[in-house]
Amino acid sequence: MTKVFSGVWPLLLGIVLIMLGNGMHFTLIGLRGGIEGFSAAELAIVTSGYFVGFLSGARFSPLLIRRVGHVRVFAALGSFMSAGLIAFPLITEPWAWTLLRILIGFCMSGIYVTAESWLNDAATNENRGKVLSAYMIAQTLGIIGAQGLLTLGDAATSVLFIGASILVSISFAPILLSVNPVPNVEVARPMSLRDLFASSPLGTVGIFLLGSVYATQSGMGAVFGSQIGLSATHIALFVAMLFAGALFLQYPIGWLSDRIDRRKVILGAALLGAVSCFLGWMNDGGMGFLMLAAFLTGGVTTPLYSLFLAYTNDSLSAEEMPAASGGLVFTFGLGAIIGPLVTGWAMETFGPYAFWPVLGITFLLIVFYAAYRITQRAHLPTDTTESYLSVIPTASPIAVEAAGVWAAEHAEQEREAAESESAEPEQDTLLPSDSSRS
């Protein structure tokens, strides 16, 4: 294990620091927006702005990297992001925050593309699965840790925004000072939505709906907490629970998906998400049920993303995976832009607790569509499917593609190992009969 991470720990450390800063700013938007009197609809637009920038960054960052290089793009985007975080308390207007969020979303997407290029290049075929899993854990721990840092300051001042900016600024030191030779960045042209849907209708529709769920949770969770009157500490805990659940539910859901029909696992996980949203909606103010609802709702979201990736890859050849990865990231981004807008409108019209029904209905749409697709396509035998590998929803096409390639190779290795094990007993049974003949 030490050898696996000896060459990538600076990258993982840098990612944790980046996610501490970025995770702080996500929750701060809801906290400070509530203090400034922004409506749910205005904050929904601000939230969607991040994913507009993120989607644009995933498309144009590879072009920038090929033109001027990894280091320059990484440093430039980091500088713009750090400046954007400081600018939030300077111009407390919804339109200005939306523009800043677009900028930060673009920068974060480019940072992911660059960091994941280095990470993928530093990994080997033998340890790529462990490295990608560690990368997902580092990101999730960074987001959860960021919520704890929010309790150290007052969102009504500039202190927390400055702290987030400092964390992002220093995160580049371990990466830039220790990074290995610059890798090539090759991002395949995304598969068209028509071709992607033809290859995997459930994967395409499901990941679009999940984009709506993820963006609503990460962007509007703090807005919901602020509007129902939670304290800053409880809001931070609520957001942390949305991400903490993924760390505990990722493995059991992944374990199941490698052994039974993935569509049934998708249906079950989405149904659990819908039920947990119902718990949150019916909550009478008790913190216990509210945190449990957040834990379960967020806990199935990240595993569902990995499930949709794995299920889509089951229907593709190795040559189609790179283009499909870009198509899935684009589809997820479209859902992430639309989701907060719908949720913001619902919260503005029906009250803050509409946060839960919107999420619950979206989960139910996944349930119904998964049930429908089960009746339309035969089940693939589990010994012919790809392996499951956890991928965080904000990953760039590079990490998504790397995870798909690893899953295909790992599944093939497991099949070959199983075949060799089944062949050995047959050889053993032949030996006595051979000796008796002699």
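Student: Are helix 3 and helix 13 roughly parallel or roughly antiparallel to each other?

Tutor: This is a predicted model, in which local features need pLDDT of at least 70 and side-chain atom pairs count only at pLDDT 80 or more, while totals for chains, interfaces and linings use all residues. Residues are numbered from 1 along each chain as its sequence is written, and side-chain values use heavy atoms, with hydrogens and water left out. The axes of helix 3 (residues 40-68) and helix 13 (residues 321-350) come within 7 Å and cross at roughly 175 degrees, where axes are lines fitted to C-alpha atoms, for helices over the stretch in contact, and angles run from 0 to 180 degrees between N-to-C directions. Because angles under 35 degrees count as roughly parallel, over 145 as roughly antiparallel, 65 to 115 as roughly perpendicular and the rest as oblique, helix 3 and helix 13 are roughly antiparallel.

Student: How many helices does the chain have?

Tutor: Helices (H or I, at least four residues) and strands (E, at least two) are DSSP runs, numbered from the N terminus. By that rule the chain has 0 strands, and its number of helices is 15.

Student: Which residues in helix 3 meet helix 13?

Tutor: Contact means heavy atoms within 4.5 Å. From helix 13, the residues involved are V329, F330, G333, L334, A336, I337, P340, L341, G344, M347 and E348. They meet, from helix 3, A40, A41, A44, I45, T47, S48, F51, V52 and L55.

Student: Does L90 count as buried or exposed?

Tutor: L90 is found in the loop between helix 4 (70-87) and helix 5. Buried means under 20% relative accessible area, exposed over 50% and partly exposed in between, with a 1.4 Å probe and protein chains only. Because its relative accessibility is 65%, L90 counts as exposed.

Student: What is the area of the nonpolar surface patch that includes L90?

Tutor: Patches are made of residues with over 30% relative accessible area and no salt bridge, like charges being joined within 9 Å and nonpolar side chains (Val, Leu, Ile, Met, Phe, Trp, Tyr) within 5 Å, and accessible areas come from the Shrake-Rupley method with a 1.4 Å probe, where for residues only the protein chains shown count as cover. Helix 5 (94-122) and helix 7 (159-176) each supply at least two residues of this patch. Made by V52, I86, L90, I91, W95, L99, I102, I162, I166 and I170, the patch has an area of about 920 Å².

Student: Is R32 buried or exposed?

Tutor: R32 lies in helix 2 (residues 9-36) together with E36, 4 residues apart, about one turn of the helix. Their side chains meet in a salt bridge (2.9 Å, N to O), and E36 is partly exposed, with a relative accessible area of 31%. Because R32 has 7% relative accessibility, it counts as buried.

Methods: Salt bridge = Lys/Arg side-chain N within 4 Å of Asp/Glu carboxyl O.
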